[in-house]
Amino acid sequence: MARKRKGQPIHGWLVLDKPEGLTSTQALSKVRRLLNAEKAGHGGTLDPLATGILPIALGEATKTVSYAMDGAKTYRFTIRWGERTATDDREGEVIDRSDARPDEAAIRAALPAFLGEIDQVPPQYSAIKVDGERAYDIAREGDVVDLAARRVRIDRFELVEMPDADHAVLEVDCGKGTYVRSLARDLAEALGTVGHVAVLRRLRVGQFTLDKAISLDELAAMDHGAAVERLLLPIETALDDIPALALTEAEAHRLRHGQAVALLTRQDLERLTAIRGSVGEDGIVIALSGGKPVALVRVEGAEVRPVRVINL
């Protein structure tokens with residue numbers, strides 16, 4: 001006999017302003033419990049030290065989590081100059097010190113070198129797997145982890161303020177896979193000193209921004225039904241950069257049953273032509289019917305094939 005799932009079927013995205021001290025998984029569990037949601041996932045891990053945007057996918061929105069994680073991100077962070085830590089943030093043991101402190105002019109002059117596509121070595125304490133083990137588990141055992149550099153994209157890197165000689169506040173717009181801790185470490189090295197992340201806050205993940213966010217305390221104070229009605233964003237919010245294809249109800253019915261849809265008439269081909277230029281290399285499109293998402297589909301020639309059906 002099938003086991004009955006606990007919770008209510010709630011579908012959509014909630015933008016959480018994650019507090020410091022919780023892992024992303026712990027924050028997700030609290031949201032799921034507060035909303036009594038049957039199914040939930042999150043769109044991009046934040047370290048316990050970090051605060052800010054943690055998109056929470058509920059119900060059928062969990063099928064679009066990977067697209068949220070691929071979205072561009074904005075971080076504001078504070079570097080503490082003069083101390084390097086094992087974790088490249090303030091939670092780690094200090095492993096190196098320097099008396100050198102960069103001034104404002106030197107920092108601004110160093111930032112352009114980090115723009116565009118750059119090679120970045122992840123922190124020793126990261127979730128990357130090495131021979132089947134997490135890098136942070138290997139590092140905690142006292143071993144040095146040999147991590148290969150990864151290609152990441154930096155779109156904007158700016159100095160915001162310098163509260164004192166020991167600290168600088170910066171903002172960065174970056175692509176998937178960027179480690180802010182590595183960015184702080186490498187910037188310090190480029191400036192002839194050492195440093196680590198003292199404060200980290202994520203301001204944006206794709207279309208998820210702080211103006212739409214809610215804290216756990218605020219969520220706990222709200223009525224469950226009101227919270228869902230007022231705060232939930234549509235499933236397709238995470239798919240903002242993916243082209244949409246409007247389907248008839250009959251076509252949508254075929255997709256919902258896992259069947260391909262052939263678009264062969266002149267009007268059909270016009271629909272495909274209208275979106276073809278904006279379809280990515282993976283050929284993925286969001287199919288809509290009556291303004292509601294039906295499925296993530298792949299366009300293959302004149303056929304549309306379901307990849308992930310969204311059951312609403």
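The legends below describe close-up views of strand pairing in a predicted model. Residues are numbered from 1 along each chain as its sequence is written, and side-chain values use heavy atoms, with hydrogens and water left out. Because the model is predicted, local features need pLDDT of at least 70 and side-chain atom pairs count only at pLDDT 80 or more, whereas totals for chains, interfaces and linings use all residues.

View A. Strands are DSSP runs of E with at least two residues, numbered from the N terminus, and two of them pair if DSSP finds at least two bridges between them. Strand S3 (residues 51–58) runs parallel to strand S12 (residues 195–205), and two bridges join them; here threonine 51 stands opposite arginine 201 of S12. Strand S4 (residues 73–81) pairs with S12 in the antiparallel sense over nine bridges, and arginine 76 has arginine 201 in S12 as its bridge partner.

**View B. The hairpin of S12 and S13.** Strand S13 (residues 208–209) pairs with S12 in the antiparallel sense over two bridges, with threonine 209 in S13 as the bridge partner of arginine 204. Two residues lie between the strands of this hairpin, and glycine 206 in the turn has a positive phi of about 55 degrees.

**View C. The open sheet of five strands.** The strand order is S14-S16-S17-S18-S15, with mixed pairing; strand S14 (244–246) and strand S15 (261–262) are the edge strands, each pairing on one side only. S14 runs parallel to strand S16 (residues 284–289), to which three bridges join it, and alanine 244 has isoleucine 286 in S16 as its bridge partner.

Note on methods. Helices (H or I, at least four residues) and strands (E, at least two) are DSSP runs, numbered from the N terminus.
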